[in-house]
Amino acid sequence: MLEEAMAAIAEDGLASLTMSALAERLGTSGGHILYYFGSKDLLLLAALRWSEAALTEERRALLSRRVTAERKLDGFVRLYLPRGPRDPRWTLWIELWARTPGNSALGEAQEELDRGWQDDLETLLAAGVARRRFAPLDAAARASELLALLDGLSTRVVLGQHSGRDTRPALEVARSATRALITPYGPGTDDTPAVTAD
């Protein structure tokens, strides 16, 4: 049900989506949907949590792989970016961002979901510094900066403002930004201890 709800929100937007139209699409009743979710905002949040749970599993699998920190970082960036314009997951995020200023419950949920990405990226960066794959850095600050850049780029892709349907240019921009923020370890690199992820 949540996968279909996510697709419906992505296609029609939450504002124009009616519970009766969604119920017809799902083969159930509007009352049934309201019973389980209570409101369109809570339906949005449930669909996003469902989507993010699957991505959390993918992130954890990526972080546990026996590959270099550089490859893990590239995989993280690819996992974060949308798969193209109107990507359902990213459309849900944009809908959520639009509703959080006036809704403290949605704001708290957004922070919780964001924290998962932030924590995993901090862990990845700190491990890369410890293994001398990345130059020393403040893992928390650098992760926050990179995620902010990826959010902006991803929003442009989802809205169709970046290279049409071809996501490869967006990936190259993301990789370029990543290289600018996270430099490789090399001879003469300052060995000042990095701030590690907590």
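Q: At what relative accessibility does Trp 97 count as partly exposed?
A: This is a predicted model, in which local features need pLDDT of at least 70 and side-chain atom pairs count only at pLDDT 80 or more, while totals for chains, interfaces and linings use all residues. Residues are numbered from 1 along each chain as its sequence is written, and side-chain values use heavy atoms, with hydrogens and water left out. Under the cut-offs used here (buried is under 20% relative accessible area, exposed is over 50%, and partly exposed lies in between, with a 1.4 Å probe and protein chains only), Trp 97 counts as partly exposed at a relative accessibility of 24%.

Q: How many aromatic pairs does the structure hold?
A: Rings of Phe, Tyr and Trp (the six-membered ring of Trp) form a pair if their centres lie within 6.5 Å, and planes under 30 degrees apart are called stacked, over 60 edge-to-face and the rest tilted. Ring pairs link Phe 76, Tyr 80, Trp 90, Trp 93, Trp 97 and Trp 117 into a cluster. Aromatic pairs in the structure number six.

Q: Which geometry do the rings of Phe 76 and Trp 117 have?
A: The ring centres of Phe 76 and Trp 117 are 5.4 Å apart and their planes stand at 85 degrees, so the pair is edge-to-face.
The pair joins distant parts of the chain, since Phe 76 lies in helix H5 (residues 69–80) and Trp 117 in helix H7 (residues 104–130), 41 residues apart; helices here are DSSP runs of H or I with at least four residues, numbered from the N terminus. Phe 76 and Trp 117 are both buried, and the geometry of their rings is edge-to-face.

Q: Which geometry do the rings of Trp 93 and Trp 97 have?
A: Trp 93 and Trp 97 both belong to helix H6 (residues 88–99), where they are four residues apart, about one turn of the helix. Trp 93 is buried, with a relative accessible area of 3%. The ring centres of Trp 93 and Trp 97 are 6.0 Å apart with planes at 45 degrees, so the pair is tilted.

Q: Which residue has its charged end over the ring of Trp 117?
A: A charge is taken to sit over a ring if NZ of Lys or CZ of Arg is within 6 Å of the ring centre and within 35 degrees of the ring normal. The charged end that sits over the ring of Trp 117, 4.1 Å from its centre, belongs to Arg 59.

Q: Within what arc do the buried residues of H2 fall?
A: In helix H2 (residues 19–26), Met 19, Leu 22 and Ala 23 are buried. The face turned away from this buried side carries the exposed residues Ser 20 and Glu 24. Seen down the axis of H2, the buried residues line one face of the helix, because their arc, taken from the directions from the helix axis to the C-beta atoms, is within 100 degrees.

Q: Which element gives the largest share of the lining of the largest pocket?
A: A pocket is an open set of points on a 1 Å grid over the protein atoms alone, where a 1.4 Å probe fits, with protein on both sides within 12 Å along at least five of seven lines, and lining residues have an atom within 4 Å of a point. The lining of the largest pocket includes Glu 70, Asp 74, Arg 175 and Arg 179. H5 and helix H9 (168–181) are the elements that give two or more residues to this lining, and the largest share, four residues, comes from H5.
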